[in-house]
Amino acid sequence: MTNDATNPTPSALFAQMRDTSPLVQCITNYVAMNFAANTLLAAGASPAMVHTPEESGEFATIAGALTVNIGTLSPQWVEGMKAAAQSANQANKPWVLDPVAHFATAFRRDTVAELLELNPAIIRGNASEIIALGGGESAGQGVDSGDPVEQAEEAATTLAQSRNAVVAVTGTVDFVTDGTRAVRIHGGSDLMPKITAMGCSLTALVGAFVAIAPNAPFNATVAALATFAAAGAIAADTANGPGSFAVHFIDALYGLDANALNAKSRIETLS
Amino acid sequence: MTNDATNPTPSALFAQMRDTSPLVQCITNYVAMNFAANTLLAAGASPAMVHTPEESGEFATIAGALTVNIGTLSPQWVEGMKAAAQSANQANKPWVLDPVAHFATAFRRDTVAELLELNPAIIRGNASEIIALGGGESAGQGVDSGDPVEQAEEAATTLAQSRNAVVAVTGTVDFVTDGTRAVRIHGGSDLMPKITAMGCSLTALVGAFVAIAPNAPFNATVAALATFAAAGAIAADTANGPGSFAVHFIDALYGLDANALNAKSRIETLS
Amino acid sequence: MTNDATNPTPSALFAQMRDTSPLVQCITNYVAMNFAANTLLAAGASPAMVHTPEESGEFATIAGALTVNIGTLSPQWVEGMKAAAQSANQANKPWVLDPVAHFATAFRRDTVAELLELNPAIIRGNASEIIALGGGESAGQGVDSGDPVEQAEEAATTLAQSRNAVVAVTGTVDFVTDGTRAVRIHGGSDLMPKITAMGCSLTALVGAFVAIAPNAPFNATVAALATFAAAGAIAADTANGPGSFAVHFIDALYGLDANALNAKSRIETLS
């Protein structure tokens with residue numbers, strides 16, 4: 001990619017992250033909160049986990065962006081998610097939806113249907129989640145994907161067009177589309193699905209990037225995924241398993257610079 | 001042990017775990033969620049943290065097994081636990097109870113009394129918890145055990161008989177009984193009580209093993225404890241303290257094979 | 001400092017921690033729970049996360065001290081915090097307040113105002129939080145401080161006097177005052193703000209120290225901060241980034257002794 005204001009490159013956005021330390025409101029699940037916060041801090045952003053409806057809407061006007069992940073739902077949290085998303089919309093702040101295992105129960109399906117009506121700028125999920133969001137038959141049961149990313153590319157494109165959102169499908173090779181443009185992102189490590197909250201933390205990082213590029217959600221998403229892929233590839237070089245991978249991943253993200261970001265991830269332009 | 005369908009060995013069950021990746025619903029405490037999920041992923045299982053009564057019962061019919069840990073209770077979570085346990089019973093799915101510090105407050109005592117009525121297949125606790133469940137005087141105050149495992153063996157046997165459940169008491173040397181058979185499991189490390197959520201994560205792993213052997217809860221429990229003991233012994237060889245132990249433990253669990261499982265844990269048959 | 005019963009030194013209190021393993025009730029946020037529990041275990045204390053109003057007050061009479069951190073608030077948790085603080089007061093147990101980002105929303109401001117009326121023995125915050133508690137204009141937005149500690153020293157002194165509490169402002173150099181006495185504590189590492197929950201875990205550790213010295217909250221706070229500073233300085237020697245820092249920090253805390261505590265932290269007496 002050539003960097004310009006309307007089409008910023010991952011490394012340009014990454015440099016801005018380090019310079020501006022955007023405040024990101026994350027409404028995420030109990031499993032992911034700690035790792036997601038450490039991911040944002042290592043990347044240079046400032047995370048804030050603020051979920052209750054008594055304050056989630058007010059905080060969404062202060063934060064640069066909002067992320068909503070439905071991993072460990074309950075009714076009061078759903079109210080907080082909706083209040084925050086509505087407030088983000090009113091304040092023209094972008095928000096990111098992570099529809100964890102939304103096909104698994106009626107409560108999840110209903111919640112995601114309500115959240116989709118609140119116009120997320122970006123939707124990030126695994127292949128099973130994106131296929132099911134597009135109305136297809138996925139092999140997923142729980143939170144782990146049962147489908148390869150390639151099988152979700154068509155569903156992602158349709159979803160991006162119908163929802164006027166950027167859609168990211170993450171897995172061995174990631175796919176990002178805004179309905180017109182589409183790229184694949186290569187990098188990362190086979191160990192990543194073996195560490196809980198990696199996907200949820202990636203959603204948080206997408207929020208951090210779109211906070212600094214609210215008018216370029218496609219580029220922000222690509223930058224977040226490339227950053228994750230690069231840090232994952234670096235961590236894999238020295239990890240002995242998923243425990244040390246998680247530690248090295250945070251170190252790698254903290255130590256990442258533009259050169260390593262470009263060298264350790266690869267963006268394949270499809271359209 | 002000789003492996004056969006009704007009396008499977010730890011290494012046979014461990015191989016099945018890797019092959020089948022059972023889906024395990026964990027209703028556990030906020031402290032343990034991340035480590036418990038990483039424990040299950042490293043062992044080869046697929047964890048799902050689904051707790052709210054709006055969906056916990058529905059999800060229990062999908063999962064291979066359910067685990068319930070009362071570490072950080074509140075009334076809505078208790079409703080979710082009960083709905084999930086009832087649903088697991090109706091669907092003939094085994095469930096595991098971890099009665100964290102149940103003697104500490106009236107709310108905990110009442111909750112555990114209600115949960116016991118829902119027929120857990122397996123109960124896992126530390127010595128203080130199992131002694132107190134059996135009606136004895138324990139030295140426990142908070143979540144850490146104040147009693148040695150040996151002092152809980154009699155209470156465990158009585159509890160197993162009265163509740164028709166497998167009971168596991170974990171500590172320096174673990175004890176497992178179904179009221180007739182009884183074994184001790186040796187291995188692990190003195191560092192393990194110095195890392196929070198080790199016991200809660202072991203409960204989750206018991207759930208993963210019983211998901212693949214629902215008709216052999218005694219063997220499943222022994223297999224989970226032997227797996228934990230082996231990974232703990234391996235991690236201790238290279239840890240510099242509880243921080244690195246936790247990291248190495250996940251790596252060791254991920255890298256474990258049948259040989260290391262048998263070499264690094266020892267099962268002493270008592271009856 | 002010269003050690004005596006009314007003015008105990010950090011190393012004297014640290015030795016007592018290892019000997020007596022105080023039970024500490026922590027009502028803290030979802031992000032911090034795991035790391036805070038591991039911090040207390042590594043230091044030698046016994047953490048218990050008990051938050052719901054149905055049991056938080058009862059548990060506060062059993063624990064040696066209580067800590068309250070408002071990081072991830074909701075109304076039911078506020079009720080639990082208040083019940084626990086009231087009960088701690090009645091039982092003459094000291095409690096510690098950590099007013100995370102209390103200036104960010106009306107809900108937070110109101111909650112902290114209510115909690116302050118319940119007479120915390122110790123208040124610990126970052127510079128932005130303490131300046132705002134004193135009624136000043138802080139540069140903070142989210143949970144990360146936007147102000148240097150030195151700018152909060154005056155606000156801390158005023159707050160300590162008006163609330164009859166010990167006030168600790170933590171950052172690159174920490175400041176502790178009871179309104180009369182004041183010290184600065186040097187040590188730690190620049191990496192510490194890059195790891196989430198470090199401040200929250202320090203609050204928990206302050207609770208552990210004041211549990212063993214309920215009549216010397218100033219000394220207990222200084223001891224906790226010196227312990228943290230020493231472990232942080234040791235961890236920084238071998239860390240490659242915030243991921244490995246967090247691991248080494250727990251190892252360092254676990255391995256700490258009186259000599260290292262004194263060698264790796266420095267207490268500057270101001271008054």
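This note goes through the chain contacts, the symmetry and the sheet of the model.

1. Basis. This is a predicted model, in which local features need pLDDT of at least 70, side-chain atom pairs count only at pLDDT 80 or more, and totals for chains, interfaces and linings use all residues. Residues are numbered from 1 along each chain as its sequence is written, while chains are lettered from A and ligands numbered from 1 in the order in which they are written.

2. Chain B against chain C. Chain B puts 28 residues into this contact and chain C puts in 26 residues. Two residues are in contact if their C-beta atoms, placed from the backbone, lie within 7 Å. On the chain B side, helix H2 (33-43), helix H5 (106-116) and helix H10 (242-255) each give two or more residues. H10(B) gives the most, with 4 residues. Helices (H or I, at least four residues) and strands (E, at least two) are DSSP runs, numbered from the N terminus. By type, this side of chain B divides into 14 nonpolar, 11 polar and 3 charged residues. Here Ala, Val, Leu, Ile, Met, Phe, Trp, Tyr, Cys and Pro count as nonpolar, Asp, Glu, Lys and Arg as charged, and the others, Gly among them, as polar.

3. The copies use different surfaces, as 11% of the contact residues of chain B recur in chain C. Superposition is by least squares on the C-alpha atoms of residues with pLDDT of at least 70 in both copies.

4. Helix H2 of chain B. H2(B) is mostly covered, with 11 of its 11 residues buried. Buried means that 20 or more other C-beta atoms lie within 10 Å of the residue's own; exposed means 12 or fewer, partly exposed is in between, and C-beta atoms are placed from the backbone. Among the buried residues are B:Met33, B:Phe35, B:Leu40 and B:Leu41. The polar B:Asn34, B:Asn38 and B:Thr39 are buried too. Just after H2(B), B:Gly44 has a positive phi of about 110°.

5. Chain C against chain A. Here 28 residues come from chain C and 26 residues from chain A. Helix H2 (33-43), helix H5 (106-116) and helix H10 (242-255) of chain C each give two or more residues to the side that touches chain A. H10(C) gives the most, with 4 residues. The residues of this side of chain C are 14 nonpolar, 11 polar and 3 charged. Chain C superposes on chain A by a rotation of 120° with 0.0 Å of shift along the axis, at RMSD 0.0 Å. C:Tyr30 is the residue of chain C that comes closest to the rotation axis, at 3.7 Å (C-alpha).

6. Strand S4 of chain C. C:Trp95 and C:Leu97 point one way from S4(C) (residues 95-98), C:Val96 and C:Asp98 point the other way, and all are buried. S4(C) pairs in the parallel sense with strand S3 (residues 65-69) of chain C over 4 bridges. Pairing requires that DSSP finds at least two bridges between the strands. C:Val68 stands opposite C:Leu97. S4(C) also runs parallel to strand S5 (residues 122-125) of chain C, joined by 2 bridges. There the bridge partner of C:Leu97 is C:Ile123.

7. Crossovers in chain C. The chain passes from S4(C) through H5(C) to S5(C) in a right-handed β-α-β crossover. S3(C), helix H4 (residues 75-90) of chain C and S4(C) also make a right-handed β-α-β unit. Right-handed means that, with the strands pointing away from the viewer, the path from the first strand over the helix to the second runs clockwise.

8. The sheet in chain A. In chain A, 9 strands form an open sheet with mixed pairing, in the order S2-S1-S3-S4-S5-S6-S7-S8-S9. Strand S2 (46-48) and strand S9 (266-269) stand at the edges with a single partner strand each, so one side of each lacks a neighbour in the sheet. Neighbouring strands are turned by 20° against each other on average, direction ignored. Strand S7 (residues 174-177) and strand S8 (residues 182-186) of chain A run antiparallel, joined by 4 bridges. A:Asp174 stands opposite A:Ile185 in S8(A).

9. Helices on that sheet. Helix H4 (residues 75-90) of chain A packs on the sheet, touches strand S1 (23-27), strand S3 (65-69) and strand S4 (95-98), and makes about 150° with the direction of S3(A). Helix H9 (residues 217-238) of chain A lies across strand S5 (122-125), strand S6 (166-169), S7, S8 and S9, at about 15° to S8(A). Axes are lines fitted to C-alpha atoms, for helices over the stretch in contact, and angles run from 0 to 180 degrees between N-to-C directions.
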